[in-house]
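The sequence and structure are shown first.

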Amino acid sequence: MARSPGRAYALLLLLICFNVGSGLHLQVLSTRNENKLLPKHPHLVRQKRAWITAPVALREGEDLSKKNPIAKIHSDLAEERGLKITYKYTGKGITEPPFGIFVFNKDTGELNVTSILDREETPFFLLTGYALDARGNNVEKPLELRIKVLDINDNEPVFTQDVFVGSVEELSAAHTLVMKINATDADEPNTLNSKISYRIVSLEPAYPPVFYLNKDTGEIYTTSVTLDREDNSWNYSLLGMCCPIWAM
């Protein structure tokens with residue numbers, strides 16, 4: 001079946017989009033009016049810039065120098081127009097605190113990491129890369145580079161109070177909530193690194209066991225033993241521990 005020139009042209013543009021979709025930034029513009037549909041025989045101007053993409057994430061607490069360069073920006077205008085292009089990056093770790101985390105090569109566009117990262121101090125970095133001509137003007141649209149810092153389990157859980165005080169009425173039914181203890185962990189929230197488990201280390205008097213602890217919530221309940229203030233010592237001392245979930 002014969003195809004009209006318009007359909008063939010639409011198919012060609014579609015194939016171009018798929019072929020350059022893997023990491024190549026491409027703009028196809030009409031020199032007459034870039035906001036309108038392309039004319040039948042347009043004069044096309046192609047601008048492209050390729051990234052050697054940084055790792056999705058960099059792990060904290062490690063020597064990352066062997067991963068350098070972690071990113072590189074390059075403009076094809078240097079070859080296409082014979083321009084002398086220099087590159088620069090701005091953002092946290094370079095022009096904003098914490099300073100000295102990254103350095104870049106203005107001639108090659110390579111970005112290196114020079115320090116050990118700390119996720120608790122800076123969980124991610126947002127950098128902007130530029131391609132500049134000899135006068136310092138942008139020859140390309142600046143690109144954003146996001147670097148996430150991967151968490152490691154380098155923080156111990158800490159109780160939110162030195163002493164927790166609870167009370168319960170005598171003759172309360174079994175499984176009555178007495179109190180709740182709580183701890184926090186500075187590692188990344190909602191991950192195994194920050195998940196906390198609780199356990200009772202000691203209880204005085206130790207017998208009969210009158211309390212049990214929910215290891216996941218820190219809630220302390222009465223057991224099936226009936227508490228009688230007149231018949232038993234009504235002051236109990238309980239020593240608890242909070243641990244990373246993997247240490248339990």
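The text below goes from the nonpolar cores to the strands, and then to the charged pairs.

The model is predicted. Its largest nonpolar core has 23 residues, of which I70, F102, L111, L117 and I147 touch the most other members. Two or more residues come from each of β4 (71-75), β5 (86-91), β7 (110-113), β8 (124-132) and β9. The most are given by β9, with four residues. Apart from this core lies another, of eleven residues, including I181, I196, Y198 and F211.

Strand β7 can be followed in some detail. Its covered face carries L111 and V113, and its uncovered face carries E110 and N112. In a regular strand, side chains alternate between the two faces of the sheet. Beyond its sequence neighbours within four places, L111 is in contact with N68, P69, I70, A71, Y89, I94, F102, V103, F104, L127 and L145. Two of these contacts are also placed by strand pairing. A71 has L111 as its bridge partner in β7, and β4 and β7 pair in the antiparallel sense over two bridges. V103 has N112 as its bridge partner in β7, and three bridges join β6 (residues 102-104) to β7, again antiparallel. The hairpin of β6 and β7 has five residues between the strands, and G109 there takes a positive phi near 80 degrees.

V149 lies in strand β9 (residues 143-150). V149 counts as buried because its relative accessibility is 0%, below the 20% cut-off. Leaving aside neighbours within four places in sequence, V149 is in contact with residues including L58, E60, L117, R119 and F125. The C-alpha atoms of V149 and L117 are 7.2 Å apart, although 32 residues separate the two along the chain.

The whole structure holds eight salt bridges. Three of them are listed here.

| Pair | N to O distance |
|---|---|
| K84 and D107 | 3.6 Å |
| R119 and D151 | 3.3 Å |
| E188 and K148 | 3.8 Å |

R119 is in the loop between β7 and β8 and D151 in the loop between β9 and β10 (158-159), so this pair ties together parts that are 32 residues apart in sequence. R119 is buried, at 10% relative accessible area, and D151 is buried as well, at 8%. By contrast, K84 counts as exposed at 55% relative accessibility, and D107 as partly exposed at 41%. K84, K106 and D107 are linked in a network of salt bridges. K148 counts as partly exposed, at 39% relative accessibility.

How values were computed: Residues are numbered from 1 along each chain as its sequence is written. This is a predicted model: local features need pLDDT of at least 70, side-chain atom pairs count only at pLDDT 80 or more; totals for chains, interfaces and linings use all residues. Side-chain values use heavy atoms; hydrogens and water are left out. Buried means under 20% relative accessible area, exposed over 50%, partly exposed in between (1.4 Å probe, protein chains only). Contact means heavy atoms within 4.5 Å. A nonpolar core is a set of buried Ala, Val, Leu, Ile, Met, Phe, Trp, Tyr and Cys residues joined through side-chain atoms within 4.5 Å. Two strands pair if DSSP finds at least two bridges between them. A salt bridge is a side-chain nitrogen of Lys or Arg within 4 Å of a carboxyl oxygen of Asp or Glu.
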